[in-house]
Amino acid sequence: MHLHGVSVFDGLSFLVAVFAAWTALDLFQQVRSHQGGERLAWLGTAATAMGGGVWSMHFIAMLGFDPGSPVRYDLTLTVISFLLAVAGSSLAFLIAAGRANPPRMILAGLVMGASICAMHYVGMAALQTSAVLTYAPGLVAVSAAVALLASIAALFAVNQDRSRLWRLTAALVLGMAVVGMHHVAMAALTVAPSQTAATLAPPGAPPLLLAVGVAGVTILILFLALAVAMVDQRDKLIAIIDAGGVGYWELALPRQDLWLSGRARKYLGLARGEPFSARDLPRKLKPEDMARRTETLERALRGEGDYAAEYQIRDSGRWLQVRGRLIRSRSGKPIKLAGVITDVTDRHQAFAALATSEHRQRLLINELNHRVKNTLATIQSIAALTARRSSSVEDFMRLFEARLIALSDTHNLLTANRWEKARLRDLLIQEFRPYAEDRLRMTGPEVTLGPEQALSMGLILHELVTNAAKYGPLKCPNGAAGRVDVCWSEVSDDGRMTLDWIEHGGPVVTPPTRSGFGSRLIDTSIRTTLAGSATMDYAAGRLHCRLTFRPGGAPNA
């Protein structure tokens with residue numbers, strides 16, 4: 001006879017099949033997103049959920065099966081049917097977890113469908129009863145086709161999208177594949193009463209023991225579903241934290257096993273998959289930070305406050321802010337210390353830049369005060385000496401104004417160079433601006449002077465130009481033969497320079513009978529600021545002034 005009808009066990013078996021498929025496919029997404037040992041762990045969990053669900057569905061439905069005689073189950077074959085379901089699901093998920101393409105999905109579906117068929121018929125072989133069970137080959141083939149096609153369809157569905165709708169669709173298709181295959185296979189079954197000892201119980205485990213086993217597997221699937229839901233929520237939370245540029249860490253107690261999120265590992269300069277534990281921290285932190293870290297950690301573990309500290313990573317120089325809080329169980333027992341890691345390098349760099357800026361500002365203010373005092377002293381000296389040698393107020397105003405302008409021009413030149421340096425060549429060009437270009441000939445290497453040296457050299461050159469305009473070649477009108485040759489060169493290993501000022505083509509000059517303001521200014525400036533000396537030679541009726549000095553920096557050839 002053939003068996004027909006639907007019982008409460010059939011409805012319950014369908015719910016278990018769909019629930020197991022949902023859980024397994026949810027776990028399957030974790031298989032795809034992990035690598036190495038973690039991938040294998042998730043693969044085994046997903047296969048256990050899927051295989052256990054298929055197995056539970058089958059034997060829940062079989063609890064409603066009544067062949068008309070006592071029923072028991074062979075334990076060995078029952079366990080083998082469970083292992084076949086789990087092994088087949090493992091292989092199918094392993095194939096499907098690779099590169100997603102139609103051939104792989106079809107192969108994975110065939111493997112899963114074959115494992116469902118194998119589990120069913122081995123499970124039926126485990127059935128021990130005095131009735132005679134036979135199968136119709138055609139319906140057996142149809143049952144296999146249902147399992148294979150539905151498994152392929154389910155894997156294609158779950159591969160389309162990771163949304164809940166597609167996952168539910170795949171779970172329903174896979175659940176119906178298992179249930180449909182079971183009922184088609186049961187429709188292929190014919191039960192014939194045995195002529196011998198129909199009332200004697202066959203050897204094997206009673207259905208009650210099987211029901212307990214099925215309940216245990218179903219509860220296991222439920223716990224796996226809860227676990228994957230918790231893992232999914234945790235992964236989403238860590239992903240949100242990671243999107244905010246914050247790393248996450250956990251220190252499991254009491255062994256103090258350290259776990260770091262991807263962002264936290266990046267901040268610590270760890271490669272993907274590189275082993276790292278709390279014992280490895282000394283090679284990342286500076287020695288002086290380890291004692292502070294130990295003290296802060298012990299205080300947090302005692303519950304005396306949150307963990308809060310900032311460390312500088314030894315290799316990269318990155319500054320990290322680490323914060324955490326002690327997590328306790330409902331009974332008050334410490335479970336773990338968990339928290340976040342934030343990169344605060346920019347903040348430390350900003351503070352350092354601010355401190356440097358404040359220090360530089362103080363130096364600039366002090367330097368400004370110093371330069372203002374020196375400038376005022378120079379102006380006072382120029383005014384006093386100019387007044388002493390002036391024959392009238394008009395004469396004083398003319399000379400004093402010219403010297404102030406020379407000083408101001410040198411200030412402008414230094415300002416253009418941020419008051420750091422001035423070139424000797426630029427100072428000469430500046431003083432000869434009122435005259436034709438052919439009145440000055442310059443030769444010499446590139447020489448730079450510091451601010452104080454530039455101010456002194458500017459005044460010296462101004463006095464020489466003024467003297468040449470009053471008594472020397474610059475007194476001649478433009479176009480005349482009068483000119484000034486200025487040449488300089490390095491004459492010693494310690495960087496001492498010699499500058500020769502030689503006048504040509506002007507009126508015949510004779511040595512002065514007394515030392516004037518210009519001579520004293522040149523002599524004083526060259527000695528006090530430029531650490532050198534000046535000599536004046538009037539041979540052949542022309543001025544040859546030689547300045548020996550040491551510039552602020554070595555000349556650049």
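1. Terms and basis. Helices (H or I, at least four residues) and strands (E, at least two) are DSSP runs, numbered from the N terminus, and two strands pair if DSSP finds at least two bridges between them. The model is predicted, with local features needing pLDDT of at least 70 and side-chain atom pairs counting only at pLDDT 80 or more, whereas totals for chains, interfaces and linings use all residues. Residues are numbered from 1 along each chain as its sequence is written, and side-chain values use heavy atoms, with hydrogens and water left out.

2. The hairpin of E13 and E14. Six residues separate E13 and E14 in this hairpin, and Gly-495 in the turn has a positive phi of about 90°. Strand E13 (residues 483-490) runs antiparallel to E14, and eight bridges join the two. Within this pairing, Val-484 is placed opposite Glu-503 of E14.

3. The other partner of E14. E14 is also joined by six bridges to strand E16 (residues 544-549), again in the antiparallel sense. Here Thr-498 stands opposite Thr-548 of E16.

4. Burial of E14. Buried means under 20% relative accessible area, exposed over 50%, and partly exposed in between (1.4 Å probe, protein chains only). Eight of the eight residues of E14 are buried. Both faces of the strand are covered: one carries Met-497, Leu-499, Trp-501 and Glu-503, and the other carries Thr-498, Asp-500, Ile-502 and His-504.

5. Asp-500. Asp-500 belongs to E14, which spans residues 497-504. Its side chain makes a polar contact of 2.7 Å with that of Arg-546. A polar contact is a pair of N or O atoms within 3.5 Å; within protein, one must be able to donate a hydrogen and the other to accept it, and residues adjacent in sequence count only if both atoms are side-chain atoms. Contact in general means heavy atoms within 4.5 Å. Apart from neighbours within four places in sequence, the residues in contact with Asp-500 are Asp-485, Val-486, Cys-487, His-544, Cys-545 and Arg-546.

6. Strand E7 (residues 307-312) and strand E8 (residues 319-328) run antiparallel and are joined by six bridges, with Ala-309 opposite Val-322 in E8. Their hairpin has six residues between the strands, and Gly-317 takes a positive phi near 80°. E8 also pairs with strand E9 (residues 334-343) in the antiparallel sense, over nine bridges; Leu-326 has Leu-337 of E9 as its bridge partner. The hairpin of E8 and E9 has five residues between the strands, and Gly-332 in its turn has a positive phi of about 95°.

7. On a 1 Å grid over the protein atoms alone, a cavity is a set of points where a 1.4 Å probe fits but cannot get out, and a pocket is an open set with protein on both sides within 12 Å along at least five of seven lines; lining residues have an atom within 4 Å of a point. Grid points are joined across faces, edges and corners, and a volume is the space filled by probe spheres set on the points. The whole structure holds two cavities of 30 Å³ or more.

8. Helix H1 (8-32), helix H2 (36-63) and helix H6 (164-187) each give at least two residues to the lining.

9. The second largest pocket. This pocket contains about 850 Å³ of space. It is lined by 28 residues, of which Asn-467, Lys-470, Tyr-471, Gly-516 and Ser-519 are closest to its centre. H13 provides the largest share of the lining, six residues.

10. The chain as a whole. The protein chain has 14 helices and 16 strands. Of its 557 residues, 42% are buried.
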